[in-house]
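Reader: I have a model open on my screen and would like to learn how to read it. Could you walk me through it, feature by feature?

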Amino acid sequence: MQGPLAGLKILDFSTLLPGPFATMLLADLGADVLHIEAPNKADVVKELSPQLDSGVSASYAYLHRGKNTRTLDLKTVEGLREVEDLLLEYDIVVEQFRPGVMAKFGLDYQTLSTRFPELIYCSITGYGQSGPLAEHAGHDINYLALSGVANSLRRAGERPVASSLQLADIAGGALHAVIGLLAAVIERGTTGKGQQVDISMLDAALSLHPLFGPMQLATNQTIEPEAEALNGGSFYDYYETKDGRYVGVGSLEPKFQQRLSEVLAITDWFELNDVMKKQRVAQAIYAHDFSEWQAMLRNEPELCITPVLTFLEATQQPHAQARGLVENMQLVSPLRFIKTSTEKSK
């Protein structure tokens with residue numbers, strides 16, 4: 001069955017995570033994505049464990065599902081000629097090189113747009129196509145650090161958290177790339193002209209402060225960790241259970257606070273200040289182990305308390321199963337490979 005993006009043809013030069021995640025979403029929605037790989041160039045994601053029988057990691061197979069793959073050497077005349085031929089058919093390019101790299105091959109937007117004015121060219125970089133940091137290397141941790149996100153993800157007096165979730169790569173780079181690219185497709189449908197979509201992961205990560213960001217800009221004052229209702233300064237927080245697991249308490253609205261006070265048997269709840277509320281919640285949560293809380297919470301739709309699950313637990317919970325969030329796929333041979341012209345001639 002064709003998806004809503006059937007007819008979009010995307011030439012994908014990206015590696016690692018942001019670009020491949022973006023084009024994976026587009027492929028899931030029906031776009032025809034041809035992923036271009038460079039010969040003998042390492043892709044860290046491809047080398048992760050576990051390795052599948054196909055010789056790639058499970059993560060790589062996931063990110064490139066539904067795509068065709070071709071190996072081309074852009075440093076050769078033959079490789080560049082094949083790209084030029086492909087551009088007669090593929091009118092969207094996604095690339096993730098630092099500014100200036102594609103220009104060395106004559107494949108930058110300024111060069112290609114003179115021949116292909118309808119071309120949409122999405123460039124995903126750490127710091128954008130311009131500015132003092134444009135040429136700098138970086139990874140997710142660097143963009144989180146410079147955007148203020150890392151400072152927001154810490155407790156008072158403690159260092160920022162190094163997370164296995166790549167916020168800047170995904171929420172910053174990949175998702176903004178999809179939005180920008182599809183907006184360019186809509187505009188092209190009206191004007192007939194393409195454009196370059198300049199995605200900076202730092203820029204996008206900086207926008208991930210929709211509540212506290214405007215507050216700080218308006219007052220010119222930094223919001224410190226555990227100083228506000230949503231960053232640990234109130235009972236809205238994570239609490240340890242008797243057996244060392246955690247639950248999250250988010251009962252902000254008065255009706256949810258009322259139910260929270262009833263379940264936790266805190267009869268003077270609305271007379272307490274934030275510090276006392278937090279102490280009393282911590283005591284009540286610690287009185288039961290994790291499995292007891294899971295059992296109690298199953299039939300409490302107005303409580304806003306949830307167990308802190310591991311990723312595997314999250315995929316196995318009944319709600320995830322009912323929503324079909326995890327699907328079994330054959331990952332032994334996950335990719336459809338198109339041979340290069342050199343391989344065809346052998």
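Reader: What share of the contacts in the protein with a separation of 6 or more comes from residues 24 or more positions apart?

Author: A contact means heavy atoms within 4.5 Å. Here, residues 24 or more positions apart account for 68% of the contacts with a separation of 6 or more. Before we go on, please note that this is a predicted model, where local features need pLDDT of at least 70 and side-chain atom pairs count only at pLDDT 80 or more, while totals for chains, interfaces and linings use all residues. Residues are numbered from 1 along each chain as its sequence is written, and side-chain values use heavy atoms, with hydrogens and water left out.

Reader: Thanks! How many helices and strands does the protein have?

Author: Helices (H or I, at least four residues) and strands (E, at least two) are DSSP runs, numbered from the N terminus. This protein has 16 helices and 10 strands. Its C-alpha atoms fill a box of roughly 80 × 50 × 40 Å along the principal axes.

Reader: What percentage of the residues count as buried?

Author: Buried means under 20% relative accessible area, exposed over 50%, and partly exposed in between (1.4 Å probe, protein chains only). By that rule, 39% of the 346 residues are buried. Helix 1 (residues 18-28) is mostly covered, with 9 of its 11 residues buried; among them are Phe21, Met24 and Leu26. After helix 1 comes Gly30, which has a positive phi, near 110°.

Reader: And Ser261: buried or exposed?

Author: Ser261 counts as buried because its relative accessibility is 6%. You will find Ser261 in helix 11 (residues 254-263). Leaving aside residues up to four places away in sequence, Ser261 touches Ile266 and Trp269.

Reader: Now to charges. How many salt bridges does a search of the whole structure find?

Author: A salt bridge is a side-chain nitrogen of Lys or Arg within 4 Å of a carboxyl oxygen of Asp or Glu. The search finds 15 of these. One of them joins Arg65 and Asp28, at 2.5 Å from N to O. Arg65 sits in the loop between helix 2 (58-63) and strand 3 (68-71), Asp28 belongs to helix 1, and the two are 37 residues apart. Arg65 counts as buried at 17% relative accessibility, whereas Asp28 is partly exposed at 41%.

Reader: Which residues are linked in a network of salt bridges?

Author: Arg155, Glu226, Asp237 and Lys278 make up such a network. In the pair of Arg155 and Glu226, the closest N and O atoms are 3.3 Å apart. That pair links distant parts of the chain, 71 residues apart: Arg155 is in the loop between helix 7 (149-152) and helix 8 (167-191), and Glu226 in the loop between helix 10 and strand 7 (237-240). Asp237 and Lys278 form another salt bridge, with closest N and O atoms 2.7 Å apart. Asp237 lies in strand 7 and Lys278 in helix 12 (residues 274-286), so this pair ties together parts 41 residues apart in sequence.

Reader: Last one: which residues form a nonpolar patch on the surface?

Author: Patches are made of residues with over 30% relative accessible area and no salt bridge: like charges are joined within 9 Å, nonpolar side chains (Val, Leu, Ile, Met, Phe, Trp, Tyr) within 5 Å. Accessible areas come from the Shrake-Rupley method with a 1.4 Å probe; for residues, only the protein chains shown count as cover. Here the patch consists of Leu211, Leu230 and Leu252, with about 250 Å² of accessible area together. Leu211 is exposed at 54% relative accessible area, and its place is the loop between helix 9 (201-206) and helix 10 (212-219).
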